[in-house]
Amino acid sequence: MYLKMVGCLGIVAATSGYGYSRGMEYQRQITDTGELQRVIRQLAGEMEYTYAPLAQVCASVSRRCSQNYRIWLEHLAKELEMPSRSLAIIWERCCEKDLECLLLGSEERVRLQELGMQLGSLDKKQEMQIFLQYAEFLEEKRGILLKEIQEKRRLCNLLGVTAGLFLTILIL
C-alpha cells in the first residue's frame, strides 16, 4: 500500500513538473523573441551608421550578442564573404541551422527566413527599413505573448496536476 502511495506521489510530482516546464517554455519564447528583436535592431542601427556590407555588419553585431545569436551572425558573416551562393539561400540555411534551438513561433521563423529574400537587392536604407519592420513585428508578437503568458502558465500547471491526480485515481 505504501509503495502505491509513493508511486502516486511520484506520478503527481512528475506530471506537475512537466506542466511547470511547459509553462516555462512560454517564458523562454518571450525571452528569445525579445533577444531576436534586439539583435535585429542592432543590425539595422549598424547598417544605418556604418553603411558597411552585411557581412561586416553581422560580424560587428555578433560581438555584442548572446551565444546563440553570436554563432548565427558569425556563420552568416563567414558565408556572406564567400560569393558562391545567393544571399537568400545563405540567410535561409543559416537561420535553419543556427537558430533551431530557439523557441520562436512558426510565423516568426518564416518571416525571419523571408527577410533574407528581401535583402541584397535593395539599397542600404531600404534594407535597414526591412530590418526595422521585422523588429516591429517581433515587438507586436512579444506583446501578445506577454499578455497571454500568465494564463498559459497557470493552465499548464493546472493540467499537470490534474493529469497526475487522474492517473493516481486510475491506479488506485
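The structure holds eight salt bridges, a salt bridge being a side-chain nitrogen of Lys or Arg within 4 Å of a carboxyl oxygen of Asp or Glu. This is a predicted model, in which local features need pLDDT of at least 70 and side-chain atom pairs count only at pLDDT 80 or more, while totals for chains, interfaces and linings use all residues. Residues are numbered from 1 along each chain as its sequence is written, and side-chain values use heavy atoms, with hydrogens and water left out. Helices (H or I, at least four residues) are DSSP runs numbered from the N terminus, as strands (E, at least two) would be. A residue is called buried under 20% relative accessible area, exposed over 50%, and partly exposed in between, with a 1.4 Å probe and protein chains only.

**Salt bridges**

- Side chains of opposite charge can pair when their charged atoms come close.
- A network of salt bridges links Arg-41, Glu-136 and Glu-139.

**Helix 1 and the residue after it**

- Helix 1 has 49 residues, which at 1.5 Å a residue should span 72 Å, and this agrees with the 70 Å between its end C-alpha atoms; the expected span is 1.5 Å times one less than the number of residues.
- Tyr-51 follows helix 1 and has a positive phi, near 55°.

**Helix 2 and its cover**

- Helix 2 (residues 54-62) is mostly covered, with seven of its nine residues buried; these are Leu-54, Ala-55, Val-57, Cys-58, Ser-60, Val-61 and Ser-62.
- The cover over these buried residues includes helix 1, helix 3, helix 4 (87-98) and helix 6.
- Ser-62, which lies in helix 2, has a relative accessible area of 2% and is therefore buried.
- Apart from neighbours within four places in sequence, Ser-62 is in contact with Arg-70, Leu-73 and Glu-74, where contact means heavy atoms within 4.5 Å.

**Glu-79 in helix 3**

- Glu-79 has its place in helix 3 (residues 67-81), and it counts as buried because its relative accessibility is 13%.
- When neighbours within four places in sequence are left aside, Glu-79 is in contact with Arg-85, Ile-90 and Cys-94.
- The C-alpha atoms of Glu-79 and Ala-55 are separated by 8.2 Å, although these residues are 24 residues apart along the chain.

**Cysteines**

- A search of the whole structure finds zero disulfides, a disulfide being a pair of cysteine sulfur atoms within 2.5 Å.
- Cys-65 is in no disulfide, and its nearest cysteine sulfur, that of Cys-58, is 9.5 Å away.
- Cys-65 counts as buried at 5% relative accessibility, and Cys-156 is buried with a relative accessible area of 14%.

**A nonpolar surface patch**

- Met-1, Met-5, Ile-171 and Leu-172 make a nonpolar surface patch of about 440 Å², with accessible areas taken from the Shrake-Rupley method with a 1.4 Å probe, where for residues only the protein chains shown count as cover.
- Patches are made of residues with over 30% relative accessible area and no salt bridge, like charges being joined within 9 Å and nonpolar side chains (Val, Leu, Ile, Met, Phe, Trp, Tyr) within 5 Å.
- Ile-171 is in helix 6 (residues 124-171), and its relative accessible area of 38% makes it partly exposed.
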